[in-house]
Amino acid sequence: MLYGWILLRAERIATTSGLLSEILQKAFSKVSQRLDVVPNIMVSTVCCQRPDIPPHLPLRLIYVGRFVRVKNLPFLASVLSELIRYSFPVSCTWIGDGPVQNEIRKKLFGVPGMTFLGVRSRDDVRAHLIESDALVLPSLSDLCPNIVVEALANRVPVICTSEHGLSFNFGGLQECSPTDGEAWKSAIKKLADMERKPELQGTR
């Protein structure tokens with residue numbers, strides 16, 4: 001109620017994604033002429049970008065964000081567990097906290113290559129990003145995931161939910177349905193180039 005009262009009295013309304021703008025237009029038709037989309041832009045320098053190197057083996061994935069239901073982390077944990085169960089070499093660093101963190105830890109207990117770092121500073125997050133082969137974000141819904149923009153700005157590939165509200169296309173972004181486990185497994189394998197080069201089984 002208060003939210004609507006504020007919106008109806010605002011002279012201009014800026015959103016960070018086209019999807020959020022559409023939602024507001026449907027909910028508050030009177031504000032449609034006062035809406036602007038101002039995408040989040042991350043500026044990065046070459047010195048802190050991911051180097052142009054082949055993927056590591058095991059493949060290094062990273063998740064950065066809150067451990068909450070909408071982030072769909074039990075789904076991601078199941079995907080990773082199945083890949084490892086069938087001997088696909090993959091690891092994942094998990095950064096963040098939240099109410100379902102213990103659930104995810106228990107689900108991945110005994111699964112090799114899973115590292116939980118808790119909350120980290122912005123500089124630490126960037127350092128871990130550029131050491132990774134891809135950011136993974138399987139959210140059921142994510143209006144404007146800033147971490148995706150930051151990863152791509154640092155030349156880190158992203159496997160992301162198709163249910164996002166980013167208002168423009170990026171190179172290096174692979175979209176998958178947040179309920180299609182086979183699509184996620186295929187995207188991860190393709191990133192490692194393992195489907196085309198099964199002989200690459202060593203580590204570096």
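A disulfide is defined here as a pair of cysteine sulfur atoms within 2.5 Å. Under this criterion, zero disulfides are counted. The structure is a predicted model, in which local features need pLDDT of at least 70 and side-chain atom pairs count only at pLDDT 80 or more, while totals for chains, interfaces and linings use all residues. Residues are numbered from 1 along each chain as its sequence is written, and side-chain values use heavy atoms, with hydrogens and water left out.

Cys176 takes part in no disulfide, and the nearest cysteine sulfur, that of Cys160, is 9.1 Å away. Cys176 is buried, at 5% relative accessibility, where buried denotes under 20% relative accessible area, exposed over 50% and partly exposed the range in between (1.4 Å probe, protein chains only). Cys92 is likewise classed as buried, with a relative accessible area of 1%.

Several backbone features fall in loops between secondary-structure elements. Helices (H or I, at least four residues) and strands (E, at least two) are DSSP runs, numbered from the N terminus. The peptide bond from Leu57 to Pro58 is cis, with omega near 0°. Pro58 lies in the loop that joins strand 2 (35–37) and strand 3 (59–64).

Two residues other than glycine are described with a positive phi. For Asn72 the angle is about 65°, and this residue sits in the loop between strand 3 and helix 3 (73–85). For Ser87 the angle is about 70°, and its position is in the loop between helix 3 and strand 4 (90–95). Asn72 is buried, at 10% relative accessibility, whereas Ser87 is exposed, with a relative accessible area of 61%.

Pockets were identified on a 1 Å grid over the protein atoms alone: a cavity is a set of points where a 1.4 Å probe fits but cannot get out, and a pocket is an open set with protein on both sides within 12 Å along at least five of seven lines, lining residues having an atom within 4 Å of a point. Grid points are joined across faces, edges and corners, and a volume is the space filled by probe spheres set on the points. The largest pocket holds about 230 Å³ of space. Its lining consists of 14 residues, of which Val64, Gly65, Arg120, Val125 and Ile147 lie nearest the centre. At least two lining residues come from each of helix 5 (122–130) and helix 6 (146–153).
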